[in-house]
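Here are my notes on the fold, point by point. Please read them with the coordinates open.

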Amino acid sequence: VRVARAVPGLSDRVKIVSVEAREPEKRDYLAWKAGGDEPSREALCVLVDNGRRCGVEVVVSLDDDSLVSTVDLAPGVQPAIHSEEFASVVEIVREDPRYVAALRARGIDPATVHVEPWASGTFEPGPGRLNRSIAWVRVDSDGDNYYARPIYGLVAVVDLYERKVLRVDDHGPGTPAPTGEGAD
């Protein structure tokens, strides 16, 4: 992670999304099993560079802590939503005045809403790291399954690079959220 964060050209707004061991090439593994040299050990680090608005794959040698390679992900290809983004999007959406107004129009207390950022795929126009945040109504009780009470027709589109709601897609209160207990 230290080596990946130090890659030249990255902005100061970099987050580590994942780190995993890279398997050696099959031929190198088989040569080692036959008595040859041990294959080099490497890690693949996936980063999101919020300043440059792109994903980056960095390969680091675990043998000598050196940089093996750096590749920006192709335009339109985005790393997974990382845990810090997931947590921050919940508050960003719940504090957006347009979203709060749409909840209140449905008779829903914003404090009872469970929000989750879901990947939007390639359906959203333009470059970016967007998600479609969808929500359910929570009930404070043991064994509650808030997924039993979806909020229909209300989606917040969030720019994960800028950490702001771009728009609220509100198809009207039409169908209120179910109010019954959601059993496990």
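1. Which residue in β2 stands opposite R22? E42 does. This is a predicted model: local features need pLDDT of at least 70, side-chain atom pairs count only at pLDDT 80 or more, and totals for chains, interfaces and linings use all residues. Residues are numbered from 1 along each chain as its sequence is written, and side-chain values use heavy atoms, with hydrogens and water left out.

2. The R22 pair belongs to an open sheet. Four strands form it, in the order β1-β2-β3-β4, with antiparallel pairing. β1 (14-22) and β4 (66-72) each have a single partner strand, so one side of each is left without a neighbour in the sheet. Neighbouring strands are turned by 20 degrees against each other on average, direction ignored. Strands (E, at least two residues) and helices (H or I, at least four) are DSSP runs, numbered from the N terminus. Two strands pair if DSSP finds at least two bridges between them.

3. β1 and β2 (residues 42-49) are joined over eight bridges in the antiparallel sense.

4. Another open sheet has the order β5-β6-β7-β8, and its pairing is antiparallel.

5. β7 (residues 154-159) pairs with β8 over six antiparallel bridges. D159 has K164 of β8 as its bridge partner.

6. Two helices pack on this sheet. Helix α3 (residues 83-94) touches β5, β6 (130-137), β7 and β8, and its direction makes about 120 degrees with that of β5. Helix α4 (residues 97-105) also touches β5, β6, β7 and β8, at about 30 degrees to the direction of β8. Contact means heavy atoms within 4.5 Å. Axes are lines fitted to C-alpha atoms, for helices over the stretch in contact; angles run from 0 to 180 degrees between N-to-C directions.

7. Y99 touches V93, V113, V115, A135, L154, A156 and V168, not counting residues up to four places away in sequence.
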